Amino acid sequence: MAERGRPRSFDRTVALRRAMEVFWAKGYEGASLADLTGAMGINSPSLYAAFGSKEALFGEAVALYGETEGTAIWHAIPEAPTAREAIRRFLEATAEAFSAPGKPPGCLIVLGALHAGEASTGVCRDLRARRAGNVETLRARFERAVLEGELPMGFDCTAAATFYATVQHGMSIQALDGAAREALLAVARGAMAAWDGLVSSAGPRGAPRGAPQEASGAGTQRGSDC
């Protein structure tokens with residue numbers, strides 16, 4: 001039986017990427033339907049028919065962002081040989097991604113919706129969960145370093161993860177305000193200068209390298225949600 005209705009006359013994948021760029025540049029509330037349909041090259045009925053609602057469109061845009069943007073930021077966490085090197089690469093990759101030419105500054109996950117309104121409660125909840133997941137990825141990497149003996153047993157993995165995630169969020173805001181790559185790299189260097197203080201205040205070293213790892217989520221990676 002032939003499919004009913006008019007065939008879709010646009011490339012959904014291309015339209016979604018264009019919508020992602022609008023949300024990235026303007027945020028959820030700031031992106032009007034006119035902004036979105038103009039960038040996507042479609043009209044409002046087509047947008048609703050293809051994506052359901054503005055909130056659903058934003059959800060798909062955020063998922064696409066996580067799959068395609070700033071992936072080097074999060075690849076550093078499991079791939080680096082030490083936690084210190086992982087954080088250094090993480091912050092430097094953040095500086096590069098947040099100031100990339102030809103793309104909106106900062107991070108969609110951080111800047112997309114900071115204050116919930118009547119229309120954006122679900123959007124804010126989703127972004128908060130993604131940011132919390134990123135903190136968990138950092139915490140798990142620190143826990144792995146404790147088990148391997150790189151970091152002291154008393155190292156506060158949660159506090160350190162929160163600290164470096166907060167630095168990254170601040171870099172996103174700085175980028176939005178016009179900070180260039182070199183300025184963001186300077187922030188990264190400053191944050192790394194705090195490393196020795198965090199380690200030295202934590203007490204004796206952890207278990208020897210090669211010790212069995214407990215199930216702490218150390219191998220979990222959030223993808224590229226920044």
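Gln-168 lies in helix 9, where helices are DSSP runs of H or I with at least four residues, strands are runs of E with at least two, and both are numbered from the N terminus. The model is a predicted one, in which local features need pLDDT of at least 70 and side-chain atom pairs count only at pLDDT 80 or more, while totals for chains, interfaces and linings use all residues. Residues are numbered from 1 along each chain as its sequence is written, and side-chain values use heavy atoms, with hydrogens and water left out.

With a relative accessible area of 1%, Gln-168 is buried; the classes are buried under 20%, exposed over 50% and partly exposed in between, with a 1.4 Å probe and protein chains only. Setting aside residues up to four places away in sequence, Gln-168 touches Ile-73, Trp-74, Phe-90, Thr-94, Phe-98 and Cys-226, a contact being heavy atoms within 4.5 Å.

Helix 9 also holds Phe-163. This residue is partly exposed, at a relative accessible area of 33%. Beyond its neighbours within four places in sequence, Phe-163 is in contact with Ala-191, Ala-194 and Leu-198. The C-alpha atoms of Phe-163 and Val-135 are separated by 9.1 Å, although the two residues are 28 residues apart along the chain.

Ala-191 leads on to helix 10, as one of its buried residues, together with Leu-184, Leu-185, Ala-188 and Met-192. Seen down the axis of helix 10, the buried residues fall within an arc of 115°, so they line one face of the helix; the arc is that of the directions from the helix axis to the C-beta atoms. An α-helix has 3.6 residues a turn, so residues three or four places apart point the same way. The buried residues of helix 10 pack against helix 6 (83–98), helix 9 (157–176) and helix 11 (195–200). On the face turned away from this buried side sit the exposed residues Arg-189 and Ala-193. The length of helix 10 (residues 181–193) fits as well: at 1.5 Å a residue, its 13 residues should span 18 Å, and the end C-alpha atoms are 19 Å apart, which agrees. The expected span is 1.5 Å times one less than the number of residues.

As for the whole protein, there are 11 helices and 0 strands. Of its 226 residues, 43% count as buried. Among contacts between residues at least 6 apart in sequence, 75% join residues at least 24 apart.
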